[in-house]
Structure formats: C-alpha cells, structure tokens
Amino acid sequence: MTAEVLRREPPQAPADASSRGLAERVFRIRESGIVVVLALFIAVTAGLQHRFLSASNIQFVLVNTVIFALLALGETMVVVARHVDLSVGSVLGMSAYLSANLFGSHPGIPLPVVFLVGLGIGLGWGIVNGLLVAAGRVPSLVVTLASLYIIRGIDILIVGGGMVTANTLPSAFTDIPKETVLGIPYVAIVVAVVVAAGAYYLRSFRSGRDLYAIGSNPDAAKLAGIPIGRRVFTAFALSGAIAGVAGVLWAAQYGTVDSTAGTGYELTVVTAVVVGGVAIFGGSGSAVGAALGALLLATINSALYVLGISSFWDQAIAGFLLIFAITLDRVISVRLTEALRIRSSRRAA
Amino acid sequence: MGAGEMADDDAGAPPPPGAIALSLQHAAKSFGAVQALIDGSIELRAGEVHALLGENGAGKSTLVKILAGVHQPDGGTLTVAGREVTLHGPAAARAAGIGVIYQEPTLFPDLTVAENMFIGRQPLRSGRRIDQQAMRAEAAEIFTRLGVPLDPGRIARGLSIADQQVVEIGKALSLDARVIVMDEPTAALSASEVARLFDVVRTLRAQGAAVLFISHRLEEIFEICQRVTVMRDGRHVLTADLEGLTADDLVRAMVGRELERRSRGDQAAPGETVLDVSRLTREGVFIDISLTVRAGEIVALAGLVGSGRSEVARAVFGIDRYDAGAVKVRGKPLRKASPTGAMAAGVGFVPEDRRQQGLVMDMSVQQNVALASLGRLRRAGFIRSSSEHALAADWAARLAIKYGRLTDPVSMLSGGNQQKVVLAKWLSRKPAVLIVDEPTRGIDIATKAEVHHLLLQLARDGVGILMISSELPEVLLVSDRVLVMREGRLAAEFARADATEERIIAAGTGQATEPAAGQASGQAAGQATAERSEP
C-alpha cells in the first residue's frame with residue numbers, strides 16, 4: 001500500500017516524504033511495541049511455568065481478552081474523539097444479569113434473541129450517555145461517571161441479593177466460549193473479525209475519520225462543518241451497545257452473575273485502550289492496538305495467576321503499564337513534533 | 001453534490017476576470033447590545049486581491065465571520081457568483097465557494113495533510129470507503145498548482161504556521177473556492193514566509209480567484225492588493241483602486257482623522273543600569289548574549305523571527321532555563337528559571353502571544369489586570385473583588401482601555417485592548433524593567449500609536465524597557481538603542497541616531513554591507529558587540 005502511495009507522489013515531494021516516513025515509523029513501532037512486550041511476557045512466563053501455554057490456559061486468556069477487546073473497541077471510538085466512557089463496566093453487569101435471567105423467565109428462548117436483548121440494554125444506556133454528552137454538553141467524564149453509579153445502582157435494585165447460577169443456563173449458552181476451531185475459541189475469531197472491522201471503519205470511512213478529527217482539534221472540527229454532536233452521540237451509543245453484547249458473553253463465560261458483574265472493568269478497559277496506543281486526549285490510535293492492549297492485560301493477569309503471584313501485582317502492573325504508556329506517548333508526541341518541526345524548517349531553509 | 005457542479009463550471013467557463021465574484025451589501029450584526037457591524041458592504045471581483053482595512057473594532061472580523069458562515073447577519077444581502085445566498089453555517093459557506101484562511105489555522109495535528117484538506121468529503125471508492133490514493137493525489141495536484149513542496153501524506157503536527165496556511169489554502173482550492181478570505185495571514189510569518197505566501201496569492205489571482213486580504217501592514221497591502229475597502233466603526237467607508245492612494249490616505253480613512261504623529265522627543269539622559277544580562281547562553285537557542293538596559297531607556301531587540309529574541313526574553317524572565325551567564329536587576333543577581341523571583345525583583349514581561357501567555361481569556365478584565373498584583377491585594381489570604389475592581393478601574397482609565405464592564409471576560413475585548421490589559425497587569429506592579437515582546441502585533445494603527453506613546457511615557461517615568469519587535473518602523477520610532485540578533489547571537493548594536501531600516505535588516509540577515517557602523521557610539525554600558533564571526 002505504501003508503495004502505491006509513493007508512486008503517486010508528486011516529484012518534488014521527496015524531501016518531505018521523510019517526515020511522513022518518520023511519523024509512520026513511529027506509529028508502527030508504537031503498536032509493534034505492544035507485541036514485543038506481549039511476546040516477552042509470554043516467553044518468560046512459559047519458561048517458568050509450562051502450564052501457561054496449555055491449550056486450556058490459552059483458551060482462558062483468549063476468552064478473557066475477548067470481553068475486554070470488545071469493550072476496548074467501543075471505548076476506542078469514544079476516546080479518539082477526546083471523550084471517555086466509564087459506564088461500560090456497569091452496562092456490562094446489567095446486561096449480563098438481565099440477559100442470563102431470560103433463560104429462567106423464558107425457557108427455550110433462542111440465543112440470538114438473548115444477544116439482541118443485551119445489545120438493546122447497552123444501546124439504551126449508550127444513547128442516554130450520548131444524549132447527555134452531545135446534546136446536553138456535559139463533560140463525558142462526569143456523565144459516564146454518574147451513569148456508572150446509576151446503572152450499578154439500578155442493577156443492584158433489580159438483582160437484589162440474588163444471582164443467576166450456571167445450572168439455570170442452557171449448555172448451548174455456556175458452551176459458547178468453549179467451542180473452538182483448530183483450538184482457538186470460536187468467539188475469539190468472531191471478536192477479532194469485529195475488532196478488525198471496527199478498526200477498518202474508523203480508518204476508512206468518513207464518519208470514522210470525523211471521530212479522529214474531533215479528538216484531534218474540536219474547534220477545527222466545528223469550523224470544518226463536522227457534525228460533532230451526531231458523531232459523538234453515535235460513538236457513545238456504539239460503545240454502550242458493544243458493552244451490552246460483551247455482557248451476554250460475560251454471562252456465558254462465567255455462568256454465575258450477581259450484581260457485582262463487571263465492577264471496575266471500565267478502568268481496565270481504559271487502561272487497555274491507552275496501553276494499546278490510543279492517545280488519551282484523542283486524535284490517534286487504533287482499535288487493533290486497543291485490542292492488543294486488552295490481550296496484554298489479560299495475558300499478564302493469567303501469567304501472574306499461573307505463576308502463583310498475588311493478584312495485587314496484577315493491578316500494580318496494569319497501573320505501571322498505564323503510566324509507562326502515557327509517558328511514552330507524551331514523549332513520542334513531543335519528540336515527533338520537534339523532529340517534524342526541525343525537518344520542516346530545514347526544508348524551508 | 002455542490003462541489004461536482006462547481007467543478008463542471010470550472011471546466012466549462014471560468015468567470016471572466018473582473019466579474020463580481022461576491023457582493024455583500026449593507027450587512028448588520030449585533031451581539032446583545034453591541035452593534036459589531038452596522039453597514040458592512042464589500043464587493044470582490046474575480047482575479048483581484050482586495051484589501052480590507054480597518055482598526056480593531058471596525059467590524060472586519062464580524063464581516064469575515066459572516067462570509068465564513070460562522071455568524072448569520074441580522075440584515076443585508078449576500079450574493080455569490082450572481083446568486084443570492086444565505087449561509088447557515090461554515091459548510092454552507094464552503095458549498096457556496098468561499099474559503100476562509102484564519103491567522104492561526106485550525107488544523108487537525110494528528111491527521112495527514114491530505115486528510116486535513118478533505119475531511120468530511122474525502123473522495124470515495126466502492127462501498128463508501130475513503131479512497132486514500134485519490135485523496136493524496138488530489139492534494140498533491142493542488143500543491144503542485146500552488147508551487148509548494150508539501151507532502152500530502154505527512155501528519156499536520158509540526159508544520160510551520162506558514163505551511164499550515166498553505167494547507168488551508170489548498171483546502172479552499174480543493175473546494176473550488178472562487179472567493180478566498182485571508183484574515184491577517186501574515187501576522188505570524190517571517191519575511192521569507194510572507195514572500196512565499198504572496199507567490200501563492202498571486203497564483204490564486206492569476207487563476208481567477210477573488211482574494212480578500214486583511215492585514216494591518218500597509219506596505220503589504222500596497223504590494224499585493226489592487227483594490228481596497230476601508231471600514232470604520234462597523235460601517236463601510238470607502239472602496240477604491242489602490243493605485244493613486246497613499247498610506248496616509250488609508251490611515252485617514254481608517255481613523256477618520258489625521259493621526260497625530262507622536263515624535264520621540266528627547267528623553268532625559270538614562271539613569272542607572274536596571275537590567276544587566278551578561279554572556280547568557282542556552283545551548284542551541286542563543287549564545288553569549290550580553291546587554292544592558294538603563295532606567296528610562298528603551299532598548300529594541302530586532303532580528304528575524306527565529307533569531308532567538310523571544311527566547312532570550314523568556315530566559316531573562318525565568319520561564320526558560322539558561323546554561324551559562326547571569327542576569328542582574330538593579331545590581332542584584334536574578335535566580336535562574338524563576339519568574340517569581342524576576343517579578344519580585346521588579347521585572348514585568350508582556351509575552352508575544354497574549355492570548356495563550358499574557359491573559360487568562362475566560363477571566364474578567366479586572367481579574368486579569370489584578371493577576372500580577374494578587375499579593376498586594378490580599379487581605380488575610382482573600383482577594384477582595386472590590387480592591388480588584390478599584391485597581392482595574394484605575395488602570396483601565398489610565399490606559400484608555402475600552403471595555404463594557406470590568407467583569408466581562410477579557411476575551412470580549414478587541415486585540416488592542418487586550419494588549420492594554422496585559423500592560424496594565426504589569427504596570428500596576430510598578431516594574432523597574434519591562435520586557436515587551438511584539439507589543440503591537442495584530443493591533444490597529446490608532447491603538448498601536450497609543451501603545452507606543454505609553455512605552456515612551458513609561459520610559460520617561462524611569463522604567464527600563466526591553467522591546468522585541470519585528471516591525472522596523474516601530475523599532476526606529478520608539479527605541480533609544482537597537483540590538484540586532486541573528487541565529488542566536490547578537491549581531492550588531494546601533495545607537496538611535498545610527499539606526500536605519502537598511503542597517504538593521506543587513507545585520508539581521510547577515511548581509512553586512514557596512515560593518516555595524518553605529519555600535520561604537522552607543523550609550524551601551526561597555527558592551528561593544530561587534531559583528532561576531534560564525535563558528
């Protein structure tokens with residue numbers, strides 16, 4: 001692809017082409033950086049504990065990743081537009097309980113309907129968030145922090161002290177995460193395709209690019225006539241809908257759903273997104289990177305478990321990665337700006 | 001869509017030069033009680049560069065924003081290419097073929113240059129996907145047409161302001177804009193960048209575009225424009241061919257009266273040295289800078305943009321660190337990198353970018369004025385709004401600041417009045433040394449004269465002033481001594497009597513036609529800064 005682009009370059013451009021090469025190199029490095037860290041983690045852990053690479057553990061990690069990768073896809077759409085959605089954990093929890101509960105109240109309900117219900121619950125909350133942010137012009141941090149608590153509160157009211165237990169769920173449902181194709185969980189493949197499609201949408205469609213533009217410079221987006229409200233609303237609605245679907249998967253994966261399902265997931269998701277190279281102040285990053293970030297966090301989580309290290313370290317390491325990623329992005333951004341500026345000025349001279 | 005139709009027009013029959021491309025008649029616009037535009041009219045012809053002149057507050061910006069579709073006028077008619085149009089928003093203005101280039105372009109730093117130009121209307125291929133190749137090719141084609149070597153595939157982050165403007169111009173062209181409005185495009189450009197911009201403007205003109213060009217620099221207007229429209233107090237004053245007009249004619253039309261030329265007059269002999277900078281170096285930025293400013297003296301720091309002038313000022317005031325050298329104020333050494341220390345020692349700093357660095361735009365006029373005096377206004381740890389108000393009212397009166405209420409956000413004031421607020425902020429501290437960086441950038445002519453008068457008045461009151469300025473007439477008008485920087489070094493020093501525009505330019509650009517003739521006669525306290533050899 002790069003070659004094709006280069007071929008169509010005007011002849012006088014070569015001096016400046018190096019600037020682009022630099023920028024692109026940096027971004028490619030940024031994503032391959034995650035892969036390198038991931039590979040290191042896997043290699044070290046596998047070296048210490050062979051069980052880590054067992055089929056069942058790989059499956060476990062992948063299915064765990066699937067839920068966070070989905071959430072990260074929605075979160076990416078929101079974060080590239082310089083917003084944040086903190087309600088995803090609560091939405092996931094409510095969707096998980098209500099959808100799993102359907103099997104008890106409506107025995108024999110078809111699985112697609114259950115997924116649609118989950119999606120609908122998430123979409124509903126996404127629309128509420130989106131309306132408040134886009135039309136009400138309330139900062140998304142405040143809106144989604146509030147809806148995080150509100151949704152969880154309603155969830156607790158609905159669930160009460162009860163829970164859905166795995167034995168009330170049909171095996172067709174709880175088997176979803178266990179079905180594999182060539183040893184790879186079926187859902188992991190589906191979600192990989194969904195994430196790739198999402199990343200492609202963000203990169204190759206006008207409305208997707210608008211989200212990056214909004215996050216890169218909101219004022220300029222307004223002047224450029226981008227329908228900011230509509231785009232931001234859509235991003236929140238999609239993030240909610242995706243969280244709803246993730247909730248159904250969560251129920252299938254864990255079987256037992258009470259009112260605490262998904263608590264704290266929002267922070268893990270934001271961490272995954274940022275570690276995956278999505279700029280926290282919007283404008284750049286990809287859904288694939290965010291999914292890789294989710295995979296990295298899930299791998300670390302599992303590695304610590306397999307190595308018998310306290311799960312306290314899991315959170316500490318996630319926090320460390322977060323700071324590292326943000327610092328790295330900041331440094332890269334500053335250096336890159338500087339480098340591009342110097343190159344531009346040299347060209348001018 | 002609209003763009004397609006216009007492209008067809010383009011191919012078929014380009015508008016004949018001289019045809020009326022845009023006409024705005026009797027436009028009015030008020031914001032609350034303020035009538036920003038009372039009777040704004042302008043007529044642009046294809047193939048002309050048309051100057052729009054007026055002091056700050058004359059209604060130029062409002063008129064531009066009406067053309068850009070940002071403001072909707074309360075009255076008046078707008079005709080574009082013979083058709084009456086109503087612009088409901090920026091998108092409508094673009095569809096009508098009007099492109100606006102702002103002084104500080106608003107690009108998306110994370111997106112590519114091509115995408116910045118085509119955002120929201122990227123060329124598509126099957127399935128409504130963006131055709132990256134076509135987009136970049138189209139952008140490249142436009143840059144070729146403009147004769148500028150910009151790579152459409154690089155991200156916009158790091159582009160110079162001049163290049164950012166080129167991207168905006170390219171964006172306007174990609175929209176087949178027949179009318180291009182440039183709102184003070186040269187304010188932040190260096191001389192060579194201005195020259196390049198003018199080449200682009202000439203190309204646009206040759207291709208039949210109508211360009212509306214706004215600038216406070218009259219010499220630029222005479223260089224690039226053919227006709228001029230002057231506005232005053234929200235009204236259209238005159239539209240005429242520039243040929244046969246003089247700068248004085250234009251100034252008279254803008255101000256509505258003869259501008260009294262304040263002469264420098266003879267100053268009292270400068271007093272003791274208040275600012276003593278010796279051998280200041282910040283690696284890679286400026287090297288071995290020594291200068292002094294005495295009480296009652298105005299020292300100008302001239303040189304090209306990027307020669308390190310502002311950086312020296314920032315280091316002296318303690319915003320940036322320096323690697324070697326020393327700064328003394330009234331004989332006492334100043335702590336490195338400590339603006340607080342500099343302020344306590346009696347240094348005031350009016351930065352180059354008043355919006356970003358000089359003011360807190362969302363705070364009120366009085367809060368901004370009081371900002372540097374909070375220590376003095378504090379009673380038991382609290383700031384009383386009444387004492388803030390009294391201080392601000394006093395200084396607003398002294399500097400003749402025009403404002404609605406002192407509690408209005410400072411962002412509501414015009415550029416000139418904002419600059420006066422910055423000055424008031426520092427003057428209320430009674431500084432011994434005042435550093436001003438481009439004190440009149442983007443300020444209209446009458447306010448500019450007031451600022452000059454104010455600086456002279458301050459000097460008479462015994463303040464030592466270090467003034468950075470790119471405007472040589474200003475340098476020559478106001479300063480007692482002129483220091484010229486080039487590539488991070490002091491290149492020359494001239495006494496007032498010896499300073500001429502030619503000499504300053506020669507020293508600043510390194511075309512040393514005459515070896516710094518005036519330096520020996522400067523009243524400089526011993527810093528004979530000879531032409532230094534390059535490393």
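Here is a walk through a few parts of this structure, starting with chain B and ending with chain A.

Before we set off, keep in mind that this is a predicted model, where local features need pLDDT of at least 70, side-chain atom pairs count only at pLDDT 80 or more, and totals for chains, interfaces and linings use all residues. Residues are numbered from 1 along each chain as its sequence is written, while chains are lettered from A and ligands numbered from 1 in the order in which they are written.

Let's begin with a sheet in chain B. Strands of a sheet pair through backbone hydrogen bonds, either parallel or antiparallel. Here 4 strands make an open sheet, in the order E14-E13-E16-E17 (chain B), with antiparallel pairing. At the edges stand strand E14 (286-294) and strand E17 (332-333) of chain B, each with a single partner strand, so one side of each has no neighbour in the sheet. A word on the names: helices (H or I, at least four residues) and strands (E, at least two) are DSSP runs, numbered from the N terminus. Two strands count as paired if DSSP finds at least two bridges between them.

Now follow the sheet across. Strand E13 (residues 273-282) of chain B pairs with E14(B) over 6 bridges, in the antiparallel sense, and B:Arg282 stands opposite B:Phe286 in E14(B). E13(B) also pairs with E16(B), over 5 bridges and again antiparallel; there you can find B:Val277 opposite B:Val327 in E16(B). Finally, 2 bridges join E16(B) to E17(B), and B:Lys328 has B:Pro333 in E17(B) as its bridge partner. The hairpin of E16(B) and E17(B) has 2 residues between the strands, and B:Arg330 takes a positive phi near 50 degrees in it.

Next, look at helix H10 (residues 309-317) of chain B. H10(B) lies across E13, E14 and strand E16 (324-329) of chain B, at about 115 degrees to E13(B). Axes are lines fitted to C-alpha atoms, for helices over the stretch in contact, and angles run from 0 to 180 degrees between N-to-C directions. Contact between two residues means that their C-beta atoms, placed from the backbone, lie within 7 Å.

H10(B) also leads us to another sheet, as it lies across E15, E18, strand E21 (433-437), E22 and strand E23 (481-486) of chain B, at about 145 degrees to E21(B). That open sheet has 6 strands in the order E18-E21-E22-E15-E23-E24 (chain B), and its pairing is mixed. Strand E18 (347-350) and strand E24 (489-495) of chain B are its edge strands, each pairing on one side only. For a parallel pair, take strand E15 (residues 298-303) and strand E22 (residues 464-468) of chain B, joined by 4 bridges; B:Val299 has B:Leu466 in E22(B) as its bridge partner.

Over to chain A. Which loop holds A:Leu86? A:Leu86 sits between helix H3 (55-80) and helix H4 (88-105) of chain A. A:Leu86 is buried because 24 other C-beta atoms lie within 10 Å; the cut-offs are 20 or more for buried, 12 or fewer for exposed and partly exposed in between, with C-beta atoms placed from the backbone. Leaving aside neighbours within four places in sequence, A:Leu86 is in contact with A:Thr144, A:Leu145, A:Leu148 and A:Glu266.
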